[in-house]
Amino acid sequence: SPSPKSEPVEQDVLFLARPAILAAGRSAESPDYATAARWFTQAAGYGLPDSQFNLAVLTESGLGVEKDMVQAAMWFTLAARSGDNEATRRRDLMKS
């Protein structure tokens, strides 16, 4: 019998991010930010930098989640540590 996976594989992580991307872009008139935030939260927890950045943006703006500048800075920092230059820029702007 196969043993349970202890680490997500890259395909699993990308699978988690895809619904968030689709939900956020559902339509220009009515994006579903709450659903996007839930999916980004799961994928960000697995260390996916794009999801960490997107969750930071939603958290910074209060879209789909409660506005929380401390949490936004944390997600920007995590994405920045993975080499996301825009996350670094946004985090640094928050500090100024």
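1. The crossing of α3 and α5 is left-handed (left-handed: the near helix is turned anticlockwise from the far one by less than a right angle; right-handed: clockwise). The contact involves Phe53, Val57 and Glu60 of α3, and Glu86, Ala87, Arg90 and Met94 of α5 (contact: heavy atoms within 4.5 Å). By class these residues are 4 nonpolar, no polar and 3 charged (nonpolar: Ala, Val, Leu, Ile, Met, Phe, Trp, Tyr, Cys and Pro; charged: Asp, Glu, Lys and Arg; polar: the others, Gly among them).

2. This is a predicted model, in which local features need pLDDT of at least 70 and side-chain atom pairs count only at pLDDT 80 or more, while totals for chains, interfaces and linings use all residues. Residues are numbered from 1 along each chain as its sequence is written, and side-chain values use heavy atoms, with hydrogens and water left out.

3. Geometry of the α3 and α5 pair. The axes of helix α3 (residues 49-61) and helix α5 (residues 85-95) come within 10 Å and cross at roughly 30 degrees (axes: lines fitted to C-alpha atoms, for helices over the stretch in contact; angles run from 0 to 180 degrees between N-to-C directions). That angle makes α3 roughly parallel to α5 (under 35 degrees is roughly parallel, over 145 roughly antiparallel, 65 to 115 roughly perpendicular, the rest oblique).

4. Arg90 deserves a look. Arg90 sits in helix α5. Its side chain makes a polar contact of 2.5 Å with the side chain of Glu60 (polar contact: a pair of N or O atoms within 3.5 Å; within protein, one must be able to donate a hydrogen and the other to accept it, and residues adjacent in sequence count only if both atoms are side-chain atoms). Leaving aside residues up to four places away in sequence, Arg90 touches Phe53, Val57, Glu60 and Phe76.

5. Next, α3 against α4. Their axes come within 8 Å and cross at roughly 160 degrees. The two helices are therefore roughly antiparallel. The crossing is left-handed. From α3 come Pro49, Gln52, Phe53, Leu55, Ala56, Val57, Thr59 and Glu60; they meet Met69, Gln71, Ala72, Trp75, Phe76, Leu78 and Ala79 of α4. The contact has 11 nonpolar, 3 polar and 1 charged residues.

6. Met74 also belongs to helix α4 (residues 69-81). Met74 counts as partly exposed, at 34% relative accessibility (buried: under 20% relative accessible area; exposed: over 50%; partly exposed: in between; 1.4 Å probe, protein chains only).

7. Now α2 against α3. Helix α2 (residues 33-45) packs on α3 at about 140 degrees, with the axes 8 Å apart. That makes the pair oblique. The crossing is left-handed. In α2, Tyr33, Ala36, Ala37, Phe40, Thr41, Ala43 and Ala44 meet Ser51, Gln52, Asn54, Leu55 and Leu58 in α3.

8. Overall layout. The chain has 5 helices and 0 strands (DSSP runs numbered from the N terminus: helices are H or I of at least four residues, strands E of at least two). Buried residues make up 31% of the 96 residues. Among contacts between residues at least 6 apart in sequence, 38% join residues at least 24 apart.

9. The end of the chain. Ser96 lies in the segment after α5. Ser96 is exposed, at 77% relative accessible area. A polar atom of the Ser96 side chain lies 2.9 Å from the backbone oxygen of Leu93.
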